[in-house]
Structures are given as structure tokens and as C-alpha cells.
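Here is a short report on one protein chain and its ligand. Look over the sequence and the fold before reading on.

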Amino acid sequence: MKDEKGILFVLSGPSGVGKGTVRKRLFEKATDLKYSISMTTRNRRPSEKDGVDYFYKSTEEFEALIAQNELLEYAKYVNNYYGTPRKYVEETLAKGSDVFLEIEVQGAMQVKQNFPEGVFIFLFPPSLEELKNRIVNRGTESEELVLNRLKEASKEIEMMEAYDYVVVNDQVDHAVEKIEAIILSEHLRRERIAKQYKKILEAD
Ligand SMILES: Nc1nc2c(ncn2[C@@H]2O[C@H](COP(=O)(O)OP(=O)(O)O)[C@@H](O)[C@H]2O)c(=O)[nH]1
Ligand SMILES: Nc1ncnc2c1ncn2[C@@H]1O[C@H](COP(=O)(O)OP(=O)(O)O)[C@@H](O)[C@H]1O
């Protein structure tokens, strides 16, 4: 039995923990999930493509999207805007497909207010030292930006309690397997609840 409406899964966690890496590996396997591509005002990295990694917008364009209520959530993160297109998420869920967001914690908390029935997964680093190594080794940020991101990370880790699940990203494949298990068990849980609900209605 398929759920009538899709489930919204939100993967969040500190910058550099491996959200992008884990999400990409997950999408190489999980064909039923739909990834919502975010909007951002940050510069495109050489390895990235417009419309694949993000939709790159000017600050003026982004602020117009906010004013027109086109974003389900948005946040300013290290001097740039990031946001989730509302229409894509709502229409995809309505069609019965699961949607997957990979966003920072302020945005995830806004989504939780609008979609409390969503499933919120926090990706956790094996240690803070390892988190710093990952940001530095990725080599996409200047030293100042690395420090900004680490400062942000300690604040982000404090938000962990608000999440439904915590997954440690020790090895990418392990983290992906845990997320797949969460997705499967959420489907089973909701199907079971729907069945019980149907039984109660039929008994009336
Ligand atoms: N709130 C929000 N955060 C987002 C969105 N898209 C990406 N992010 C987050 O913004 C942060 C910075 O992303 P990015 O500049 O791509 O750096 P990276 O994730 O460290 O490679 C990360 O924590 C992303 O998960 C979005 O649509 N909304
Ligand atoms: N499990 C892991 N073990 C070792 N390195 C990892 C792991 N997951 C991600 N990385 C590396 O850490 C860096 C940050 O990963 P990234 O996916 O860009 O993080 P985020 O999207 O959370 O900012 C990248 O260089 C990536 O290759």
C-alpha cells in the first residue's frame, strides 16, 4: 500500500559533516525519493552546475522570491541566502512522492513548524576535530570562512534535540544505510497507523 501523500525527509547538520556527500550517495541508490534543489545567492563552485546543485540567484532575485512567498523556508547562512522552493515540495508531496531536503538547521526548524509530520534527521560528525578536518580538506573555503563555519557548527549541534533521528557520519555507506532504514521504517510505521485507523473507522 502506498501512502496517499509523500513523506518529507529533512537531512540537516553542521557544515562539513558530509550532508552533500551522503545525500549524493543516497540518490545514486534511492530512485523513489525526489530531491528538492535549493536556491542560493552564494557563488557557484567550479564543480557545480546551475539547476543541478542549486539554482543560483542574485540577492535581488532571492529577496523577490521571499516577498512573493515562493520559499517554504529560507535562511541566511555565512552571509548568503539559501531557500527551498515551496511549489516543488508541495506539488511533489501531493502527487504521492517522498521529498528529500538537505538544509541547514535554521531552515530545518522552519520546515518543522510548517510540516510537523516531516521526518527530521540530524547528521552528526564522529568528532569536532574530524568536522574541522573535513571542512579544511574540502578546500572550498578560505581560513576565515572555515572559522565561521566551525563557529556555526557548535550552535547547530545544540539544535540536535529537536530532531527525530541522529545519524553519525563515520563512513558514508554506513550513514546512507541508516538513512535508508529510517525511510523504510517511516513508511511501515505510517502504513500500520493508516491500517489501524481504517479498522477503527470500520468498527464504528
Ligand atoms: N535553510 C536552507 N539551508 C540550505 C538550503 N540548501 C542548502 N542549505 C544549507 O546551507 C549550508 C551551506 O551550503 P553550501 O554553501 O552548499 O556548503 P556545504 O553544504 O558546506 O557544501 C549547508 O548547511 C546546506 O545544507 C536551503 O534550501 N535552505
Ligand atoms: N564519512 C566521511 N568520511 C570522511 N570524509 C567525509 C565523509 N563524509 C564526507 N566527507 C568529506 O567531508 C567534506 C565535507 O563534506 P560535504 O558533503 O561537503 O559536507 P556538507 O554538505 O555537510 O557541508 C568533503 O570533503 C567530503 O568528501
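What percentage of the 204 residues of the protein chain count as buried? The share is 30%, where buried means 20 or more other C-beta atoms, placed from the backbone, within 10 Å of the residue's own.

This is a predicted model: local features need pLDDT of at least 70, side-chain atom pairs count only at pLDDT 80 or more, and totals for chains, interfaces and linings use all residues. Residues are numbered from 1 along each chain as its sequence is written, while chains are lettered from A and ligands numbered from 1 in the order in which they are written.

**Fold.** The protein chain has seven helices and nine strands. These are DSSP runs numbered from the N terminus: helices are H or I with at least four residues, strands E with at least two.

**Sheet.** Four strands form an open sheet with mixed pairing, in the order E4-E3-E6-E5. Strands pair if DSSP finds at least two bridges between them. E4 (54-56) and E5 stand at the edges with a single partner strand each, so one side of each has no neighbour in the sheet. Strand E3 (residues 38-40) runs parallel to E4, joined by three bridges. Thr-40 stands opposite Tyr-56 in E4.

**Ligand 1.** The shell holds 17 residues, of which Ser-38, Tyr-82, Ile-103, Glu-104 and Gly-107 come nearest. A residue is near if its C-beta atom, placed from the backbone, lies within 6 Å.

| Class | Members of the class | Shell of ligand 1 |
|---|---|---|
| Nonpolar | Ala, Val, Leu, Ile, Met, Phe, Trp, Tyr, Cys, Pro | four residues |
| Polar | the others, Gly among them | eight residues |

Technical notes:
Buried ≥ 20, exposed ≤ 12 C-beta atoms within 10 Å, placed from the backbone.
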